[in-house]
Amino acid sequence: MRFKIGFEEEDSRKLHESWDAIIERQQWSEGTFTKTFEEKWSKHNGAEAVAFSSWGGAALAALEFIGVEGKTVLCPSNTFMATPLSVVKAGGAVEFVDCNRDDLCLSLDDLKVKIERYKPVAVWVVHIGGHIAFQIEDIAALCKSKGVALLEDCAHAHGASWNGRRPGTWGDAGVYSFYATKTISTGEGGMLVTGNSDLAEYARRYRNYGKFDYQVEGLNYRMSEFTAAIGCVQIDRLDDIVSWKNEYAEKHLDPHHPNRVLFPDGMVSGYYKYIVFDPIEKSTGKVYDQPCHRIMKRDCRLPNTDWVAENHWCVPLYYKGDS
């Protein structure tokens, strides 16, 4: 299977009509397509949505709303460097938490230890590969009981659900990425989701220099109208893409890969990655080749994270990549 962006060719005409309308309207930023994309994402996700020009801008908005500067934020090491770097750029201190071997996501057992040891102000949980962290319910309950903010990195998890509930709705906020390889993409872009209306309002100001009273010290993380128009087309296609991937995986991949990530009852993966624990030919590689604690040269004991780095591979799975 060859790499293919999750975009339906028949949507091209609709997209070009939207871009023509933007040009005719002479409003290329802060217009109706950004608002419509947010409304569509909010309806899909079940939380208020604020569009950004990147995952990083949305993550910084959430971290600065919480106020992590000078404080500790716990973070999995089995993630992309964007996650710990967001904490560093917000002025926080990163301490790493181990993952589980079955879902590759944050370990509840190690999180309990690290919360007592480091007294963090916030925790990042990352939904690796397109499925939801198997222990998300208990992680959210633990954070709430300890008064620790919970942020969900949903960069892989477009279209995922667990008994109908979407990523980004367990924590204080969730952050999606629309980078070019994601299950749906706008080329670049991000979306913050939250059930906290104060955080949502802060995020809207943060992405726009804090206009107009400048009490929020943000910068420019606005999404352009052209990008938002792609997002409007893509969110309408998301369920089709995720259904196709799940049907393809069940029919063509599952019979050949019994030693794979096995999802709990009621969970639907967005299948950003199809993850197995046996080496295979023509793999697309690892989700992450190096844990973040190694890249950042931290002396941590994270045995499951080290095991995962050496013992998982990704089987190619792209929307209609077999056509």
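A crossing of two helices is right-handed if the near helix is turned clockwise from the far one by less than a right angle. With that in hand, here are some close-ups of this predicted model.

**View 1. Helices α5 and α6 cross in the right-handed sense.** Helix α5 covers residues 108–118 and helix α6 covers residues 136–146. Their axes come within 10 Å and cross at roughly 15°. Angles under 35 degrees count as roughly parallel, so α5 and α6 are roughly parallel to each other. On the α5 side, look for Leu108, Leu111, Lys112, Ile115 and Glu116, which meet Asp138, Ile139, Leu142 and Lys146 of α6. This contact brings together five nonpolar and four charged residues, with no polar ones.

**View 2. Helices α3 and α7 pack at an angle of about 125°.** Here residues 55–66 form α3 and residues 197–206 form α7, with the two axes 9 Å apart. The pair is therefore oblique, and its crossing is right-handed. From α3 come Gly57, Leu60, Ala61, Glu64 and Phe65; from α7, Asp198, Leu199, Tyr202, Ala203 and Tyr206 meet them. Seven of these contact residues are nonpolar, one is polar and two are charged.

**View 3. The largest nonpolar core has 70 residues.** Phe37, Trp41, Leu111 and Met191 have the most contacts inside this core. Helix α8 (residues 225–253) gives the most to it, with 13 residues. Apart from this core lies another, of 35 residues, including Ala59, Val68, Leu151 and Leu302.

**View 4. Trp41 and the residues it touches.** Leaving aside residues up to four places away in sequence, Trp41 touches Ala49, His158, Tyr176, Phe178, Ile184, Met191, Val193, Ile235 and Leu238.

Key: Residues are numbered from 1 along each chain as its sequence is written. This is a predicted model: local features need pLDDT of at least 70, side-chain atom pairs count only at pLDDT 80 or more; totals for chains, interfaces and linings use all residues. Side-chain values use heavy atoms; hydrogens and water are left out. Axes are lines fitted to C-alpha atoms, for helices over the stretch in contact, and angles run from 0 to 180 degrees between N-to-C directions. Helices (H or I, at least four residues) and strands (E, at least two) are DSSP runs, numbered from the N terminus. Angles under 35 degrees count as roughly parallel, over 145 as roughly antiparallel, 65 to 115 as roughly perpendicular and the rest as oblique. Contact means heavy atoms within 4.5 Å. Ala, Val, Leu, Ile, Met, Phe, Trp, Tyr, Cys and Pro count as nonpolar, Asp, Glu, Lys and Arg as charged, and the others, Gly among them, as polar. A nonpolar core is a set of buried Ala, Val, Leu, Ile, Met, Phe, Trp, Tyr and Cys residues joined through side-chain atoms within 4.5 Å. Buried means under 20% relative accessible area, exposed over 50%, partly exposed in between (1.4 Å probe, protein chains only).
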